[in-house]
Amino acid sequence: VLPEAITGQLAQVYQVYRTGTGQLYPTEQLPLVRSLQGEQAKADDLELHQPDKIIPLEIFTTPIFDATQKVMYAIAAFNDITERKQAEKLLADYNQTLEKQVAERTFELEREIVERKRAEQAAQAANRAKSTFLANMSHELRTPLNAILGFSQLISRSRNLPSEHQEDLGIVIRNGEHLLTLINQVLDLSKIEAGRITLNKTSFNLYRLLNDLDDMFQLKADDKGLQLQFDWTRDVPEYVSTDEVKLRQVLINLLSNAIKFTQEGRVSVRVDRKLKVEGLNQSANFQASHLQLATLQFEVEDTGSGIAANELDNLFEAFVQTQIGQQSSEGTGLGLTIARSFVQLMGGKSVSVPK
């Protein structure tokens, strides 16, 4: 048992400090002192200061009692935990560095999110402004254009008009109708981008719609020496319920493309209730378009030049035309974009499939 005078100054005598504080370890809290008072003790927050170095220590102390349970002395075990403390410091430093990096990255991500939201809001505002501008301009252009077409058609009916003027007037009418089609496509696209396109669902006679399309395109097919054929199975209902105007526009677009890019052979339209693969397929020497509306499938097939396989992925992108389409110098590359949007609006699908 240490004398009380030595015990009271034990920390100072042996230069024992509390880790990281630079202060002497409180004597009454030293493990050895606590064990001399009858307590089994342990501590690892001690530092032994020597002239040339500081040694971190872990101490275990156990009191030894006599037969009357009086403390006779205490046994102490000292461990040099320098390596463990170094490892703990490295781990703490690493954690601190990691926390700093995480905080910095979190700040960067939050800033990126804010900037992205600002960019999205700016893009949406610009898109709304563009759509409004296009809608207004389309309206302003269509009004005089309709007047030009109307009066041109009236003049073309005159029996006193010389034949050469009839031909010139025909050119004016055809180009005016083409320009009107482009304006309407731009207007449709602006409505789609602005989310203002709606589904006007009605019940109508599907057979009559198909017959009207047959009459509409028969003359064009005859002029090119093509066979135009419309077929539908017996289980196709005569009356259906969907947006008649949008369905008509989709089929007109597909038929126009089929006849435009077919130089010989045939163009056929088939309607049935079989759930075939939906989509659009146009290969090097064969072209087929598949559209599914509810339980009905519309297929426009032709023997035209088709589309290269590497162009199928971008076929529905706005203002994108195939190589053959670019060579024809016609259209804007909006027809299939609008057609796909209309098909999706009506609950159908349009995807690319292999031949």
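In what order do the four strands of the open sheet run? In this predicted model, the order is 1-2-3-4, and the pairing is antiparallel. Strand 1 (16–18) and strand 4 (71–80) stand at the edges. Each has a single partner strand, so one side of each is left without a neighbour in the sheet. Neighbouring strands are turned against each other by 45° on average, direction ignored.

Within this sheet, strand 2 (residues 41–49) pairs with strand 3 (residues 54–65). The two are antiparallel and share seven bridges. Ala41 stands opposite Thr61 in strand 3. The loop between strand 3 and strand 4 holds Gln69. The phi of Gln69 is near 65°, which is a positive value in a residue other than glycine. The relative accessible area of Gln69 is 57%. The cut-off for exposed is over 50%, so Gln69 counts as exposed.

A second pairing joins strand 8 (residues 266–272) and strand 11. These strands are antiparallel and are linked over six bridges. Arg270 has Glu299 in strand 11 as its bridge partner. Strand 11 (residues 296–302) has seven of its seven residues buried, so it is largely enclosed by the rest of the structure. In a regular strand, side chains alternate between the two faces of the sheet. Both faces of strand 11 are covered. Leu296, Phe298, Val300 and Asp302 are buried on one side. Gln297, Glu299 and Glu301 are buried on the other.

The helices come next. Helix 6 (residues 206–223) packs with helix 7 (residues 244–260) at an angle of about 25°, and their axes are 11 Å apart. Angles under 35 degrees count as roughly parallel, so helix 6 is roughly parallel to helix 7. Their crossing is right-handed. On the side of helix 6, the contact includes Leu206, Leu209, Leu213, Met216 and Phe217. Among the residues they meet in helix 7 are Leu247, Leu251, Ile252, Leu255 and Ile259. The residues of this contact divide into 12 nonpolar, one polar and three charged.

Helix 7 also meets helix 9. The axes of helix 7 and helix 9 come within 9 Å and cross at roughly 145°. This crossing is left-handed. Lys246, Gln249, Val250, Asn253, Leu254 and Asn257 form the helix 7 side of the contact. The helix 9 side consists of Gly335, Leu336, Ile338, Ala339, Phe342, Val343 and Leu345. By class, the contact has eight nonpolar, four polar and one charged residues.

Helix 9 (residues 335–345) has several buried residues, including Gly335, Leu336, Ile338, Ala339, Phe342 and Val343. Thr337 in helix 9 is buried too. Just after helix 9, Gly347 takes a positive phi of about 90°.

Which loop holds Asp243? Asp243 lies between strand 7 (239–242) and helix 7. The relative accessibility of Asp243 is 1%. Buried means under 20%, so Asp243 counts as buried. Its neighbours within four places in sequence aside, Asp243 is in contact with Thr198, Leu199, Asn200, Lys201 and Met346. Asp243 and Thr198 are 45 residues apart in sequence. In space, their C-alpha atoms are 9.4 Å apart.

How values were computed
Residues numbered from 1 in each chain as written. Predicted model: local features only at pLDDT ≥ 70, side-chain atom pairs only at ≥ 80, totals over all residues. Heavy atoms only, no water. Buried < 20%, exposed > 50% of the residue type's maximum accessible area, 1.4 Å probe, protein only. Axes fitted to C-alpha atoms, helices over the stretch in contact; angles between N-to-C directions. Parallel < 35°, antiparallel > 145°, perpendicular 65-115°, else oblique. Left-handed = near helix turned anticlockwise from the far one by under 90°. Contact = heavy atoms within 4.5 Å. Nonpolar A, V, L, I, M, F, W, Y, C, P; charged D, E, K, R; others polar. Pairing = 2+ DSSP bridges.
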